[in-house]
Amino acid sequence: MHLARFPRLALGQFPTPLEALPNLSRYLGGPTLYIKRDDNTGLASGGNKTRKLEFLLADAVRQEADVIITQGATQSNHVRQTIAGAAKLGLKTQVLLETRVDKFGEEYQRSGNILLDNLLGGTIVEHLPAGTDMQLAMENLADNLRAQGRRPYVIPGGGSNAIGALGYVACAEELLYQSSQQRLRIDHIVHATGSTGTQAGLLSGLEASNSGIPVLGISVRAPKARQEENVYALAARTWQLLGARGELDRARVAVNSDYVGEGYGLPTAGTLEALRLLARLEGILLDPVYTGKGMAGLIDLIRKGQFKQGENVVFIHTGGSAGLFGYRQLLEQQAAQ
Ligand SMILES: *Cc1c(COP(=O)(O)O)cnc(C)c1O
């Protein structure tokens with residue numbers, strides 16, 4: 001691959017560490033676990049969106065945008081990182097928030113990511129009800145701004161288009177380099193999948209490099225068939241943008257949707273167990289929406305024997321711990337038990 005062909009800004013700190021999880025590995029008695037610390041990308045408490053934004057905001061600069069528009073759920077990590085990245089460029093971000101979750105009280109509405117969004121200077125234009133066509137709402141906002149003579153740049157939810165996915169092609173390259181530096185044969189990669197850019201970019205990068213490493217996305221929202229379709233569609237567009245030869249094999253797209261529970265942003269008992277285990281065994285903070293569910297899936301699949309002793313499994317920590325503060329009530333109830 002030749003990623004230097006694409007405009008890119010330096011917004012984060014890379015490479016992120018690839019670390020062992022010795023205590024969790026021992027506790028579970030299964031494969032040898034590693035963690036790729038994309039929670040440590042460095043941009044306003046970090047996370048996976050930083051990688052995507054290096055390419056997306058570079059594209060915005062190339063197009064001489066003077067304002068950024070994006071959208072997400074109330075506790076969106078993507079929105080927080082977008083506002084922060086744009087701030088570094090001297091640009092303001094106008095945000096539309098979708099009220100997907102409405103049961104964790106005032107803190108969910110005001111603390112965690114949303115507190116940081118305001119501190120970072122983002123403008124929350126509107127809170128819209130769950131199920132709103134958010135892409136359309138952003139296009140309407142962009143039209144209004146253009147009518148006022150502005151030059152908006154619209155970043156889709158999660159930064160998940162082919163340009164954003166290049167960030168995870170870069171992560172695939174970084175992982176392969178670290179694997180050879182650390183003499184670490186990677187047998188599986190597991191991570192939480194939502195808006196699909198992470199998995200689409202990783203898969204494109206790993207397949208275009210002929211690495212042969214399988215990637216399993218643990219869905220935080222959509223059912224398996226739909227999520228796999230969405231990941232594949234974006235991976236195919238990313239593959240094209242990369243100019244990779246041939247076609248990406250559809251059979252390489254693997255999603256497990258058994259750990260969604262009641263829905264997006266609603267932690268399950270497994271999510272809470274995963275949060276506690278990583279905190280207490282490894283001193284690592286996961287998040288209640290994505291990595292908690294992704295890790296809950298990995299733990300359960302290990303217990304079911306899907307990953308075996310002697311295999312090396314890398315979990316990608318995609319960030320999100322700022323969201324913990326929006327879930328204070330739930331986490332306190334849990335801690336009291
Ligand atoms: C957005 C996000 C994800 C999911 O990544 P996608 O590229 O949207 O699939 C996972 N973890 C965290 C913490 C996120 O914020």
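Predicted model: local features only at pLDDT ≥ 70, side-chain atom pairs only at ≥ 80, totals over all residues.
Q: Which residue in S10 stands opposite Lys36?
A: S10 also pairs with strand S2 (residues 32-37), in the parallel sense and over six bridges. Opposite Lys36, the residue found in S10 is Ile316.

Q: How many residues of strand S10 (residues 312-317) are buried?
A: Buried means under 20% relative accessible area, exposed over 50%, and partly exposed in between (1.4 Å probe, protein chains only). Asn312, Val314 and Ile316 point one way from S10, Val313, Phe315 and His317 point the other way, and all are buried. S10 is therefore largely enclosed by the rest of the structure, the buried residues numbering six of the six.

Q: Which strands are at the edges of the open sheet of four strands?
A: The order of the open sheet is S5-S4-S3-S6, with parallel pairing. An edge strand here pairs on one side only, and this applies to strand S5 (123-129) and strand S6 (152-154).

Q: Which residue in S6 stands opposite Ile69?
A: Strand S3 (residues 67-73) pairs with S6 in the parallel sense, over three bridges. Within S6, the residue opposite Ile69 is Val154.

Q: Is Lys49 buried or exposed?
A: The UniProt record, an unreviewed entry, lists Lys49 for "modified residue: N6-(pyridoxal phosphate)lysine"; such positions use the numbering given here, feature names are shortened, and annotations may be inferred rather than shown by experiment. Lys49 is placed in helix H2 (residues 49-62). Because its relative accessible area is 9%, Lys49 is buried.

Q: How far apart are the closest N and O atoms of Asp59 and Arg62?
A: Both residues lie in helix H2, three residues apart, or about one turn of the helix. Asp59 counts as buried because its relative accessibility is 8%, while Arg62 counts as exposed at 54%. They form a salt bridge (a side-chain nitrogen of Lys or Arg within 4 Å of a carboxyl oxygen of Asp or Glu), the closest N and O atoms being apart by 2.7 Å.

Q: How many residues apart in sequence are the parts that Glu107 and Arg328 tie together?
A: Glu107 forms a salt bridge with Arg328, with the closest N and O atoms 2.6 Å apart. Because Glu107 lies in helix H4 and Arg328 in helix H12 (residues 328-335), the pair ties together parts whose separation in sequence is 221 residues.

Q: Which residues are linked with Lys36 in a network of salt bridges?
A: A search of the whole structure finds 19 salt bridges. Lys36 is linked in one network with Asp38, Arg51 and Glu174.

Q: Which side chain forms a polar contact of 2.4 Å with the side chain of Asp287?
A: Asp287 is found in the loop between helix H10 (269-282) and helix H11 (291-303). Asp287 is buried yet has no salt bridge, and the nearest side chain of opposite charge, Arg80, is 8.3 Å away (Lys and Arg count as positive, Asp and Glu as negative; His and the chain ends are not counted). The side chain of Asp287 also reaches the backbone nitrogen of Val289 at 2.9 Å. The contact of 2.4 Å (a polar contact is a pair of N or O atoms within 3.5 Å; within protein, one must be able to donate a hydrogen and the other to accept it, and residues adjacent in sequence count only if both atoms are side-chain atoms) is with the side chain of Thr291.

Q: Where is Thr196, a residue other than glycine with a positive phi?
A: Phi of Thr196 is near 85°. Thr196 is buried because its relative accessible area is 7%. Its place is in the loop between S7 and helix H8 (197-208).

Q: Which residue is joined to Phe14 by a cis peptide bond?
A: The omega of this bond is about 0°.

Methods
Residues numbered from 1 in each chain as written. Heavy atoms only, no water. Pairing = 2+ DSSP bridges. Helix = DSSP H or I, 4+ residues; strand = E, 2+ residues; numbered from the N terminus.
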